[in-house]
Amino acid sequence: MNDNIDLQEVAKFDEIAHNWWDKDQEFAPLHRINPCRLHYIQTHTNGLFNKNVVDIGCGGGILASSMAQQGAVVTGIDAAEQAIKVAKLHAKSENLSINYQYTTAEPFAIEHSEMFDVVTCMEMLEHVPDPASVVAAACKLVKPGGYLFCSTLNKTLRSYLLGIVAAEQILNLVPKGTHEHDKFIRPSALIKMIEQNGLKVQDAKGLHYNPITKSASLNNDLAVNYLLFARKPNENNL
C-alpha cells in the first residue's frame, strides 16, 4: 500500500461491499453503465480476447468480470479489502479466473511495469487524494502499443447538480457523501496528466445515465460523466 488513500473513502466502500452484486442497491448505476464501458473498450482495442488487462479500482469486480467473460486475462486491484473479498467470491461463483489483489496502483506499477495490453481506471480517480499519481502508475503499467481507459466526473456546475444534488440527495441513486465536487476532474486536466506520462489521448465520450429509464448511452457531451482512452506509442503507432 502507499499513502495515496483516503481512508474515509475506503471505509465507505467497505461498509457497503456486500451490495456490490445486488443490482437494486447502491451499485445499480454501475451495473447499468457497464455495458457501455465494456463496448467502448472492446471497440477501441479490437476485442479483448487473450489480452492482458488490469482494472485499477476494481471494486467488487463489475467491469473485471465482464472483461474476463470476453476472454481477457484479467487482474483487478483495489484498496478496499472487503470489495476484493466480494470480487473473489463472485469470480469463484461464476467460474471466472481473475487475479484480484488488495493493493493500490503505485506499488503494483513498480512490480508490473509495461506488462498490460489494456489498463482500465473507471470511476475511482475522484476518490483518491492524488489522482495524478494514480494516472502516472496506470500509464507505467501499459505496454508499448497498449491502451489506457479512464472515466470520471467533470468539474462543472451540471456535474454538481446531477452527480451530487440529484443522484445523492434527491433520487438516492448512490449513498449521500459518495462524491465531492472538489475532487471532480476536468477532461483537459486528465488529458494533461496522461500525456505528461508519454501516452496520447485518442478519444473522449460523455457517459449519460438516465435514472428514469435506467439506461445508459455514450454521446459527445462531456459535461458530467466522461470516459476517454489513450495509447502508449511503439514502433508501429508513433
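Biologist: How much accessible surface does the protein have, and what share of it belongs to carbon and sulfur atoms?

Modeller: In this predicted model, the accessible surface of the protein comes to about 11,100 Å², and 51% of that belongs to carbon and sulfur atoms.

Biologist: Why is H31 called buried?

Modeller: Buried means under 20% relative accessible area, and H31 has 11%, so H31 is counted as buried. H31 lies in helix 2, residues 28-45, and touches W20, W21, K23 and I62, leaving aside residues up to four places away in sequence.

Biologist: How do you know that the side chain of H31 makes a polar contact with W20?

Modeller: A polar contact requires a pair of N or O atoms within 3.5 Å, and the side chain of H31 reaches the backbone oxygen of W20 at 2.7 Å, so the pair falls within that limit.

Biologist: E114 and E123 both have positive phi without being glycine; why is E114 called partly exposed, and why does E123 count as buried?

Modeller: Partly exposed covers the range between the buried limit of 20% and the exposed limit of 50%, so E114, at 38%, is partly exposed, whereas E123, at 17%, lies under 20% and therefore counts as buried. E114, with phi near 50°, is found in the loop between helix 5 and strand 4, while E123, with phi of about 55°, lies in the loop between strand 4 and helix 6.

Biologist: Which residues touch the most other members of the largest nonpolar core?

Modeller: Among its 39 residues, these are W20, I41, L48, M67, V74, Y100 and F149. Helix 2 supplies the largest share of this core, 6 residues. F149 touches residues including I41, H44, V118, M122 and F229, not counting residues up to four places away in sequence. Apart from this core lies another, of 30 residues, among them I77, V119, C121 and L125.

Definitions and conventions
Residues numbered from 1 in each chain as written. Predicted model: local features only at pLDDT ≥ 70, side-chain atom pairs only at ≥ 80, totals over all residues. Heavy atoms only, no water. Helix = DSSP H or I, 4+ residues; strand = E, 2+ residues; numbered from the N terminus. Buried < 20%, exposed > 50% of the residue type's maximum accessible area, 1.4 Å probe, protein only. Polar contact = N/O pair within 3.5 Å; in protein donor to acceptor, adjacent residues only side chain to side chain. Contact = heavy atoms within 4.5 Å. Core = buried A, V, L, I, M, F, W, Y, C linked by side-chain atoms within 4.5 Å. Areas by Shrake-Rupley, 256 points an atom, 1.4 Å probe, with all protein chains shown as cover.
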